[in-house]
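Student: I am new to this entry and would like to learn how to read it. Please show me the structure first.

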Amino acid sequence: MSRVRLLPLIVLMLMSCHSLPAITPNGKIPTDIEAACAVIFPRQAWRMVHTIKTDFPGGRKGVMLGVVSLVPDENTVECALLSIEGLRLFEAHDDGTLTIRRALPPFERPALANGMMQDIRLIFFRPEAPPLTSGMMPSGEPGCRYALADGIQDIVRKPSGEMVIHRYDEKNRLIRRVGITRCHPDGTAGQEAVPCRILLEAFHPASYQLELDLVEARPTVDSP
Amino acid sequence: MASVRHDRRRARRPSKVRCVGHTALVAFVLITAGWSSSWDSIRAAARDIQSIQAAFTQEKHLQILARPLQSHGRLIFAAPDRLRWEYQSPLPSVLLMDEGRIQRFVKTDDTWTEDASAALPAMSFVMQEIGRWMNGRFDENPDFDARLESGGKIVLPPRQAALATVIQKIVLQLAETPGVIDSVNVYEDDHNFTRLHFKEVAVNQPIDPALFQHHS
C-alpha cells in the first residue's frame, strides 16, 4: 500500500528532473564546427536595426523596431525599442552594469528590462569560455556545448545553414531556443555576416516568441 | 562721369523693382501668414478642411545611430476625427482612428494582423493629438503650453514635468496652404527626435470611408 502511495511521488520527481541532450563524439563531425558555432556572434562593432514581431500567449501580437549598437571587444551593448511611429519606448546601456536611460510603461519593470538585455546578449554575444565539448547532437546535427555560470548553452548547425542556440537553466530546463540566419546586408561588402533573421522562443519563466528581421546594419568602425 | 550716370540710372531702376518686390513680399507674407497669424485664424482655416491626404517621410534621429532611420508612408484625415496613419516601409503597418477607436494593423506574410503591442497606449495619445491639430486646435490640449511664433511655427512644450520626461517639445511648421502642416518635429530630449515631413498634399479630395476601417 505504501508503495502505491509512493508511486505518484516518484512519477512527479521523474517529471521534474530535466536532462540535457547527449552530445557525442561519434559520427561525422565537421572539423570547423567550433568555428561555425563561434562565428554566428558578431566580432566587430555594429549598429543594427531589426523589426521585432512579438507573439504573446493568447494570440496577442505586437510589432516594434529594435536598435542595437554592439561593441563585442568591450562587451558593451546599447539598445533601443521604438514603436513603428518612432516613439522611443526603451533605451538602455549595458557594459556589465545595466543603465536604463528611458523606459515607458511597461518597460519600466526591472524584470522586463533585465530579461530583454539577457535575450540581446544571448543573440549577439559569444559565451565567454570556449566550448566545453563539441560533437553530434541526438538529432544527428553537429553542435557545441558551452558551460555558463547559470546553465548550459548548446549551438547546433542545421543542414540549411541556420544555427540554433538552446539555452538551458541550472536545472537543465530549456528556457530559450534561438534560430539565427546570417547574411551580408546591402552596403556591407567585405564585412562579416550579421544576424538577418532571428526567431527567439522563450519557454521559462515567461512564454513568448520574437521574430526579428534586419532593416539595416552598419559597422561602427569600418574594417581595415 | 559716364560711369557715375550709368550707376545712377542703375540705382534708380532697382528702387522701382525693390518697391514692387517689397509689395509682392508683403502680399506674399500676408497671404501665407494670414491663416497662421493667430489661433483664431488657424481654427478658421481648419474649418474649411474636410479632408487631407499626404505622403510623409519620417526620420528618427537617435543618439545610438550614426544616421537617422527613415520610414515612408501616407497620412489621410477626414474631418472631424477620422485618421489613417500608414507606413509602407520599413514595415507595412497602419494606425486607424475612427470615432475615437484606435487600432493598429501590421502586414506580415500578406495578411493584416491586429497589433496589441505595448506601444499602443502611447500611440493613442499621439493619434488624439494629431486629430486636434488637423482641426486647428493646437492650443486646446491642457498638457501642452502652446506657443504660436512668427512664420507659422507652433511650439508645444509640456506643462507637466512627468510628460516632459517623455516629450521635451513638439515643433510644428504650418504650410503656406491654409489648414495644412508642413512638418512636425517631436523632441524626446536634446539628442533624440523624430522629424516628419509631409509632401504631395491634397486638400478636400473625396476619401473612401473604408480607408478608416480595419482590415480583419
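Predicted model: local features only at pLDDT ≥ 70, side-chain atom pairs only at ≥ 80, totals over all residues.

Student: How many helices and strands does chain A have?

Tutor: Chain A has three helices and 12 strands. Its C-alpha trace spans about 70 × 45 × 30 Å along the principal axes. Of its 224 residues, 29% count as buried. Among the contacts in chain A with a separation of 6 or more, 44% are made by residues 24 or more positions apart.

Student: How many residues of chain B are in contact with chain A?

Tutor: The size of an interface is often given as the accessible area lost when the parts come together. Here we count residues instead: 26 of chain B are in contact with 27 of chain A. On the chain B side, β1, β5, β6 and α3 of chain B each give two or more residues.

Student: Which element gives the most to that side of chain B?

Tutor: That is α3(B), with three residues. By class, this side of chain B has 16 nonpolar, seven polar and three charged residues.

Student: What do β2(B) and β3(B) form?

Tutor: They form a hairpin, with three residues between the two strands. Their pairing is antiparallel, over seven bridges. B:Ala78 has B:Arg82 in β3(B) as its bridge partner.

How values were computed
Residues numbered from 1 in each chain as written. Chains lettered and ligands numbered in written order. Contact = placed C-beta atoms within 7 Å. Helix = DSSP H or I, 4+ residues; strand = E, 2+ residues; numbered from the N terminus. Nonpolar A, V, L, I, M, F, W, Y, C, P; charged D, E, K, R; others polar. Pairing = 2+ DSSP bridges. Buried ≥ 20, exposed ≤ 12 C-beta atoms within 10 Å, placed from the backbone.
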